[in-house]
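Here's a walk through one protein chain, from its overall build down to single residues. Keep the viewer open and follow along.

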Amino acid sequence: MICFGLTAFIFLFAVSACNGGPLPPIDLRCNNLASTHDGPVLGVAVPTFSWLPRHTDRVGGQTAFQVLIYSSRERDTFRRPVIDSGKVISSNFRGVEVNSSYEYQNFVLYSWTVRWWDENDVASDYSPLSNMEAGILNQTLWKSSPWIAAPDSVSGAPYLRSPEFSATSNSTLRRARVYVSGLGYFRLYLNGKRIGDEALAPGWTKYSTRVFYVVYDVMQYLEAKNVLGAIVGIGRRNTTVFPPLDSVSPDDTVPRIFRLKLVLTYDSDVESYDEIMVSSTDWRAASSPVVSSSIYNGEVYDARLEKAGWNEVGFKLDNSWKQVAIVSGPHGIMSLQLIPPIKQDPPNPPIDIQTLPGNIYVLDFGTNLAGYCRLTVKGDKGQVIVLKHAEVKLHPPYGPRNGSLYYANLRSAEATDTYILRGDPQGETYEPYFTYHGFRYVEVRGYPGKLEAGNLQQIPIHADVDAVKTLNTSSLIMNDLQAVVKNSHLSNFLSIVTGCAQRDERIGWMGDAGLSSDIMALGFDMHAFFVNMLRNIRDDEGEDGSVPDVVPYYRYGHRPADPSWSAAFPQVTFVLYKYYGDLRAVRDNYDALKRYFKNIASQIPSSGLAHMAGRYGDWCILKPPNPVPTSFTSAFSYIENLEQFVEMARAIGESADAVTYADMVAQLKQDYFKAFWNGTHYCTPQITSYALPLFLGVTPSNLQENVELDFLNLIDSSDGCSCPSAGIIGSKFLPLSLSRLGRTDAALQVAEQLQVPSWGHMLYNTEEPATALWELWNGDIEGSGMNSRNHHMFSSIGMWIRMELGGLQPTSSSNSVFQIFVARTTGLSYVDSAEHRTTSGRVAYGWRRSGGTHCRTVPENRSPASPILPLHADLQLDCGSDEGGVIQSIDFADFGLPTGGCGSYGYRSSCSSQNASEIIKKRCLGQKTCTVPSGVDFWDDPCNGSVKQLSVQYTCSKPDSIVANIETSVGMTSELYLPLYGLQDVSVQENQTLIWSVKSSQNISALPAGISNIDYLLREDTLKVTFLSGLYTFSLSGSASERQCYSVAGGENETISCPEGTVFTRIVFASFGNPEGSCGAWTRGECHAGSSKMQVERYCLGEGSCYVTAAKAMFGNFQCSSDSMLLAVEAFCGKR
């Protein structure tokens, strides 16, 4: 079925909200596709329906709905629906199936509308009607449109031309649709006009199982006399380059094939249909200017071979046009393409043009992305222009820094487009038909005259998925990282999620997609895309439940996959359940997942999990001396996926299975501990071997604290580099595990690192600052064999940024309950425009903290700016608003490579500008805002060649205050977690109405509408506010608490206490080691236990006094050679 836009063919119901109450639903969707999408196409027998309720008030949610569906075939369509659900008592408005026994008919136009009831049993008006149109639901209808192909004598990508035909145009003609597929890729024309604007259509599938077709509305292009034309490229049908690694139809031997059906619909007494043109032997073929096309190698286009008017009525065919043949083609079912098409973004001009000897131009477009170039040129007939694409300029250690491009990391991919001019005096424009490249730079040879910026433009292409607004924070590094993550995703959203965009690969590696799936769903509307991905996986699943490393299973990979790669199957199913509430996706994949888990279990030998099958492990870790075994990551993925499956089984009512698999999980967790615990730690002492068990929760309670302490000490180590020293699996669960321990500040410290290995090094290294994520942490110096500069497999950090740092987390599969965490770390001063969009609606919020202590860090200024990354010429310090006062003290400042992070900064003796504090004090003290340059031209370079950062911690003259704005959709309940920052006399208001204070929390008799409950969490010193959907503004203020300072000599035990009548509400600083400075100005020393703050918080928060031990026994294992040890603590105490 085809679901069309907001314009319905009838309007039965008025839209009115004059008196308040429930409003007509919006965002009507058919099978997960928005009605505003360009001709979304649905080809399933039982569609699902989704909508969003709206209300004028703060309310709980929907209690019932009614859906009406009308058919264009019924003469009384204005009066009687073919389906009337009646009033259905249900809170569900996502993926609703209505009368699944109704048989939808081929080509029929349907429309639907819905209304809903609120908790007071008041009904909304009906929504405006939204159209949905049945496609080809019966495979036998394709028999009249066989696959056709050009004969062998026609070379390259052939022109195909239909016979000319008439189209009766009268008042009864209602619709004209083309149903078409061409493999590998096609472009379609009607009467000389291109139909559709997609690139690289149709999408890639396992052709022996499934072939996509697309549908176009061609009503506006029909004339009295007509002709259809097509060009067909080889795409991924080149089996030399893309050998299918499983089954293939034995008689499917012709790579470029095409089939089409043009159907007219008439509306008289009974709606009727006429197939006025189909693919057949009446079509003719000839060679086109697309002499050759290759995904990897590029395209050769000889404009001298163009046949003017070849796709127009009246064109005279000469003897170069040959009769096409009917061919077998693949035996896969014809399936409507359910994914967003690949579209172009607006073009990017070059940001720099360099001329090399020999009239060679090198253009820098500023962003490494997937796409191709648009060439504009005037020149002589036969002039040859060659465009060669690359990600990187040549630099040491790959070669001299001479302005030329580096191609070795493309491996065998030539990435070259060649255009041969026809000699048009008016000029010529060319962009490739059937290829794409991953590139930032282009080398141009043979351009006639001087090449100007307007002569060559970069055209980005990607699946046309709707993007969610990017989170904007006070951390410039996190903002930049999100932009790079987003670009890496878009570069690899074609019809599948590819692993890279540039080299001789670009295939659907499952490990990459599974690890990135959370942040992809948070950053884009991936619903339809992921549903299709799961169908592709099922198409490639073996009868034994095995799944390959790559889907579709071509070119690379193995079967069965590494369990951490095939984990994408349950993981993506869980993502659809978790973020979109899609229970149908769970049901559709349920049996296949059970087969899959049975296959994974068969890969565990009798010797146990320690010897479980695995191939890649924690892929792309930076050459550790003792990497974790592949069985460690394989078993982790298996257990994590089983836990996800248990939750999904419960959600769809498979209670018995849920119990069975939950028992399996419990046993496997015990087996995991026994297999990999060696008495002191898991496997080898490195980040991955701590992060994965902590995330799974497999450690016995008597050992849990020691594991947590050692993990934090390893992260926040004495060498000062809190680097993500892990591969693609460990780096996903590293920040998540830290946040679970309440150490979001430490996770931010890791995410903001600039040394190798780190995301910051990718973005800010001096040789090739990244605009897309790298495949390797040290991609700027590593060899060429496997070194992509546009790889998304490290993009899972984006999930942590949005959910943990941004603080917006769904807690139910229906996305009806959200937890919103404000200011989880002093490393952030604000979050603007945090947003979460699902089929359950939208949650948007932002907060800003004024006053108190703030931290700002920025990488050193670099040039030039990228179109997606701004220049950071300076660092802005401010106190948030007038309520924050002025900058009162500079607590820490350094230009170099400081150790630690906000609240625990320290100087690195080998790379520090320790006069930075005095310089910034002179510029900033007493100011509301202050700007500090961040370039080496301002600062003495303390460590030449390293990427440096300017980091400042400062305190404002007024205490912390917070304002948070939140908006949620109908049906959602939210829990706001608002930290009190150790303040005294705290009061919290909602829209200027007092809802809580330390003094009067028990005396507030009535809360504002929508707020259902307020709880104070003592140990966290946090207020939890529960509220219904609506728009809210919360504000928090109070007076400053007096800072308390304590120091305990090494080896000593001591009780530290708050003033009488108060408790510890906030630990500002804690360091066991050799901290430097004094009360109010402590910094960490070269010797520091990363577990210091967590341990002091664990023992002291919420207590009036606590007993601490200044010994390694309290803080776990960490490397320190200092003989003089000290525990230094700064804290706030308050009345609660």
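Which are the buried residues of α14? They are Ile797, Gly798, Met799, Trp800, Ile801, Arg802, Met803, Glu804 and Leu805. Here buried means under 20% relative accessible area, with exposed over 50% and partly exposed in between, using a 1.4 Å probe and protein chains only. That is nine of the nine residues in helix α14 (residues 797–805), so the helix is largely enclosed by the rest of the structure. After α14 comes Gly807, which has a positive phi near 85°.

Some ground rules before going further. This is a predicted model, where local features need pLDDT of at least 70 and side-chain atom pairs count only at pLDDT 80 or more, while totals for chains, interfaces and linings use all residues. Residues are numbered from 1 along each chain as its sequence is written, and side-chain values use heavy atoms, with hydrogens and water left out.

Now zoom out. The chain holds 17 helices and 58 strands; these are DSSP runs numbered from the N terminus, with helices being H or I of at least four residues and strands being E of at least two. For 1136 residues, a compact globule would have a radius of gyration near 32 Å, and the chain agrees with its 32 Å. That radius is taken over C-alpha atoms, and the globule rule is 2.2 Å times the number of residues to the power 0.38. Along the principal axes, the C-alpha atoms fill a box of roughly 95 × 75 × 65 Å.

Of the 1136 residues, 63% are buried. Among contacts with a separation of 6 or more, 77% link residues 24 or more positions apart, a contact being heavy atoms within 4.5 Å.

Next, the strands. What does β16 (residues 210–217) look like in terms of burial? Seven of its eight residues are buried, so β16 is largely enclosed by the rest of the structure. Strand β13 (residues 173–183) runs antiparallel to β16, joined by four bridges, and Val180 stands opposite Val214 in β16. Strand β26 (residues 333–336) pairs with β16 too, in the parallel sense and over four bridges; there, Phe212 has Ser335 as its bridge partner. Pairing here requires that DSSP finds at least two bridges between two strands. In the loop between β15 (193–195) and β16 sits Pro202, and the peptide bond from Ala201 to Pro202 is cis, with omega near 0°.

Strand β30 (residues 384–390) is another one to trace. Five bridges pair β30 with β33 (residues 416–420) in the antiparallel sense, with Val384 opposite Ile420. β30 also runs antiparallel to β35, again over five bridges, and Leu387 has Val444 in β35 as its bridge partner.

Tyr436 lies between β34 (428–430) and β35 (437–445) and is buried, with a relative accessible area of 1%. Leaving out residues up to four places away in sequence, Tyr436 touches several residues, including Leu200, Arg236, Ile295 and Arg506. Gly884, in the loop between β43 (874–878) and β44 (887–896), counts as buried at 0% relative accessibility. Beyond its neighbours within four places in sequence, Gly884 contacts Ser850, Gly851, Cys879, Cys956, Ser957 and Lys958.
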